[in-house]
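Reader: I've just opened this one and could use a guide. Can we go through it together?

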Amino acid sequence: MTNSNSSISKHYHQLTSVQRGQIQAMLDSGITSRTVIAQEVGCHKSTISREIKRGSVLQRDSSYLLYEHYYADTAQIYYEKRRKNCYQRNPLKHYAVFLRMLSRRFKAKFDATSIDEFVGEFKRTMPGYPCPSTPTAYRYIDQGLVDISNIDLPMKLKRRRNKRHHSHGGHALHKKQPALMTLTERTTRFEVVIKIPDYRASTCQRLLQKEIDRHPDWFKSITFDNGSEFADMTKIKGCQIYFAHPYSPWERGTNENCNGLLRQFFPKGKSMKDKSKAYVQQATNAINHKYRRILQYQTAEELFKQYISS
């Protein structure tokens, strides 16, 4: 049968210095039951447990062995320090450095960083400055507290519905158009992007062989899909060549993901004729310089350099 006349308050309140003194006195007298102390002080036993944990300090006994002891004065000092930090902050002042760098970063032309990646990068490179969480940063953007808007964020691509029928004539024309050949290192996500004048098999094989000859230590094996443009890749020297199973893009998942990141700079369906090699390299650098969450907020470039040198 429960006691309806419980002295435990139904509403949360902060412990007073007097109540902390009661807790210490009971502990010093040998009463260690949190339930008994809570009934005497007039609060929940969980409050007592947290209070004792926060207000206990390490001491040494006569045998120089460490033990924890609760001190009401120490607990009160800790409480007052916490209260000083519990106030409504002005985000424009408190996160001034973060917001200024955020605005500058997302106004840049060649940058593929997401909000979450920027938060991770800021915490890593600027540990002495306050940093909001990713949802809070998005909320500040929506509230207009930052000099950027959603249009300045990395492009959100629309998925196109596959058509039932494809034009073979259009595919042949596509072969004559300039395109990109992307190579992704699976361990570090380092990206190599090569602009090719056309998508013929001989062109792809020739330019890839040139890249392998330039960096022979970079390539051990490459896995391609089953596109006809890669038909001559068996002629490649200095690197083991594999092919994924038909209609199995997940076998090259890392490369497919990086291709999606590049779509921010090279929208699908747009011609590559006006994209210079310098532009392609800038876009590639933007991907390789991202502080990515999957890499524990390190960049692919720095990890790739470590990987090659090891």
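Reader: Which residues of H12 are buried?

Author: Keep in mind that this is a predicted model. Buried here means under 20% relative accessible area. What covers the buried residues of H12 includes strand S3, S4, helix H11 and helix H13. The buried ones are Tyr279, Val280, Ala283, Thr284, Ala286, Ile287 and Asn288.

Reader: How far apart are the end C-alpha atoms of H12?

Author: Count it out: H12 has twelve residues, and at 1.5 Å a residue they should span 16 Å. The model agrees with that, since the end C-alpha atoms of H12 are 16 Å apart.

Reader: Which element gives the largest share of the lining of the second largest pocket?

Author: That pocket holds about 520 Å³ of space. It has 21 lining residues, and those closest to its centre are Val193, Ile194, Glu211, Arg214 and Gln281. Strand S4, helix H10 and helix H12 each supply at least two residues of the lining. The largest share, six residues, comes from H12.

Reader: How many charged residues are in that lining?

Author: Let's sort the lining of the second largest pocket by class. Eight residues are nonpolar and six are polar. The charged ones number seven.

Reader: And Ser46: is it buried, partly exposed or exposed?

Author: Ser46 sits in helix H3, residues 45–55. Buried would need under 20% and exposed over 50%. Ser46 has 31% relative accessibility, so it counts as partly exposed.

Definitions and conventions:
Residues are numbered from 1 along each chain as its sequence is written. This is a predicted model: local features need pLDDT of at least 70, side-chain atom pairs count only at pLDDT 80 or more; totals for chains, interfaces and linings use all residues. Side-chain values use heavy atoms; hydrogens and water are left out. On a 1 Å grid over the protein atoms alone, a cavity is a set of points where a 1.4 Å probe fits but cannot get out, and a pocket is an open set with protein on both sides within 12 Å along at least five of seven lines; lining residues have an atom within 4 Å of a point. Grid points are joined across faces, edges and corners, and a volume is the space filled by probe spheres set on the points. Helices (H or I, at least four residues) and strands (E, at least two) are DSSP runs, numbered from the N terminus. Ala, Val, Leu, Ile, Met, Phe, Trp, Tyr, Cys and Pro count as nonpolar, Asp, Glu, Lys and Arg as charged, and the others, Gly among them, as polar. The expected span of a helix is 1.5 Å times one less than its number of residues. Buried means under 20% relative accessible area, exposed over 50%, partly exposed in between (1.4 Å probe, protein chains only). Contact means heavy atoms within 4.5 Å.
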